[in-house]
Amino acid sequence: MAKKEGLIVIDRELCKGCYLCIAACPNKLIIISDELNQMGYYPAEYTEADSRTGDRVCNGCATCALVCPDLAIEVYRE
Amino acid sequence: MAKKIFQRPKYLKKAVFHYCPGCGHSILHRLVAEVLEELDIGERTIGIPPAGCAVLAYNYFDVDMGEAPHGRGAAVATGVKRTLPDRIVFSYQGDGDIAAIGTAETIHAANRGENITVIFVNNGCYGMTGGQMAPTTLIGQNSTTTPGGRDVKRDAAPIDLSEMLAIARGSVYIERTAISSPKNIRRTKRALTKAFKTQMAGLGFSLIEVLSPCPVNWKMSPVDAAKWIDDTMTQTFPLKVIKDEVGKLD
Ligand code: SF4
Ligand code: SF4
Ligand code: SF4
C-alpha cells in the first residue's frame, strides 16, 4: 500500500482551462471539470489519489504547479 | 501535517493575469518573481515592461515598475540603472518590441555593457495586435501578414538577435531557453537566476531569450504549442548558452 504523500488544491476560479497540468501530471490525477467557472472555462479538477490500491497517488512533485500559467494550483506535501 | 510547498511567490500580486490560457508570459512572470524572492532582491528591483502583451506587467509584479515606449526597454533600463546603480534593473520585452522597433537601443545597450538584465520573450509573432509576422517568425510559419507562411525571398529570414548581441563587446551572459516542458521551465529559472546574479556582481549586460508559447495566435492548444516549441521552433532557435564570460557565480 503506497502512502499518500502529496495533495494539490486547484482554485477553479483562477483556472483558464489550458490543461497543461493534465498533460504534466505523471500520475494522471487531474481531469476536466464538467462545470464552467465564472470566467467561462471548464477548469481542471483534482481527483483524490487512490491510496488504498497505491494507484495514481499524488507524490507532491509539484510538476502540475510548475507548468500552470495562472497559479491556480497549490501543492502540499506530508 | 501537510506542508505547503508550492504557492504564489511574494513578488507577484494576487491578480488574475489578462494573458490568454496557456500563455508563456504568465509562467515567465512567476519565474522572475520566484528568482527575485530567492535572491532576496525584490525590495530593490525595478522592472521595465514593454509595449506588447506584457504592457500591463506592472499590474502583476509587486516590485517597483516603470514603463518603456515600444522597443526602448534597454534604453530606459540604462537610464534607471545609471541613476540608481544600487538597484537591480530588468527590462521585459517581446520579440516585436526588442527585435524590430527596439533593435538599435538593444544592440547599443549590450555594446556599452550596461549592467542590466534583459528578458526577451520570443513567441514568433506580434501577440497583442493579433499575430502579425515578427522578425522572429519562422520560415514557413503562418501569421496574419504571411498567410501561406513566411517566405525568405519576400519576408527575409528570422533574425538571430541573441547571437547578434553576443558579438557586442559589452555583453557577458546570453542564454536561450524555453517555456515548453517542466525541464525547460526549470532551466529557464536557472538562467534567470544567473542573469540576475551577473548584474548583482556588477559584471555587465545579461539577456535571457525565452521561447514562449502564444497558443492563441499560433492557433494551437497550449499542449500542442509547447510541443511545437520543442519540435519546430528550437530547430531555428536552438536552446543554448550563447555567450558566457561570467562563469560560475555563488
Ligand atoms: S503534485 Fe505531481 S502527482 Fe500530484 S497532482 Fe501535481 S503533478 Fe500530479
Ligand atoms: S495548468 Fe492551471 S490554468 Fe491550466 S488547466 Fe491546469 S490549473 Fe487550469
Ligand atoms: S496573444 Fe499570445 S502572447 Fe499575448 S497574451 Fe495571448 S497567448 Fe500570450
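The legends below describe close-up views of a predicted model. Local features need pLDDT of at least 70 and side-chain atom pairs count only at pLDDT 80 or more, while totals for chains, interfaces and linings use all residues; side-chain values use heavy atoms, with hydrogens and water left out. Residues are numbered from 1 along each chain as its sequence is written, and chains are lettered from A and ligands numbered from 1 in the order in which they are written.

**View 1. Fold of chain A.** Chain A has 2 helices and 4 strands, given as DSSP runs numbered from the N terminus (helices H or I, at least four residues; strands E, at least two). Along the sequence these elements follow the pattern β-α-β-β-α-β. Of the 78 residues of chain A, 49% count as buried, that is, under 20% relative accessible area with a 1.4 Å probe and protein chains only. Among contacts (heavy atoms within 4.5 Å) with a separation of 6 or more in chain A, 61% are between residues 24 or more positions apart.

**View 2. Surroundings of ligand 1.** Residues with a heavy atom within 4 Å of the ligand are taken as near. Those around ligand 1 include C25(A), C58(A), C61(A) and C64(A), together with I8(A), P26(A) and L29(A). The shell divides into 8 nonpolar, 3 polar and no charged residues; Ala, Val, Leu, Ile, Met, Phe, Trp, Tyr, Cys and Pro count as nonpolar, Asp, Glu, Lys and Arg as charged, and the others, Gly among them, as polar.

**View 3. Surroundings of ligand 2.** Ligand 2 is surrounded by residues including C15(A), C18(A), C21(A) and C68(A), as well as K16(A), Y19(A) and P69(A). This shell comprises 9 nonpolar, 1 polar and 1 charged residue.

**View 4. The largest pocket.** A pocket is an open set of points on a 1 Å grid over the protein atoms alone, where a 1.4 Å probe fits, with protein on both sides within 12 Å along at least five of seven lines; lining residues have an atom within 4 Å of a point. The volume, the space filled by probe spheres set on the points, which are joined across faces, edges and corners, is about 310 Å³ for the largest pocket. Of its 15 lining residues, I5(B), F6(B), E34(B), E38(B) and K189(B) lie nearest the centre. Helix 1 of chain B gives the most to this lining, with 4 residues. The lining divides into 7 nonpolar, 1 polar and 7 charged residues.

**View 5. V35(B) and its contacts.** V35(B) lies in helix 1 of chain B and has a relative accessible area of 1%, so it is buried. Not counting residues up to four places away in sequence, V35(B) touches K189(B), L192(B), T193(B) and F196(B).

Note on methods
Buried < 20%, exposed > 50% of the residue type's maximum accessible area, 1.4 Å probe, protein only.
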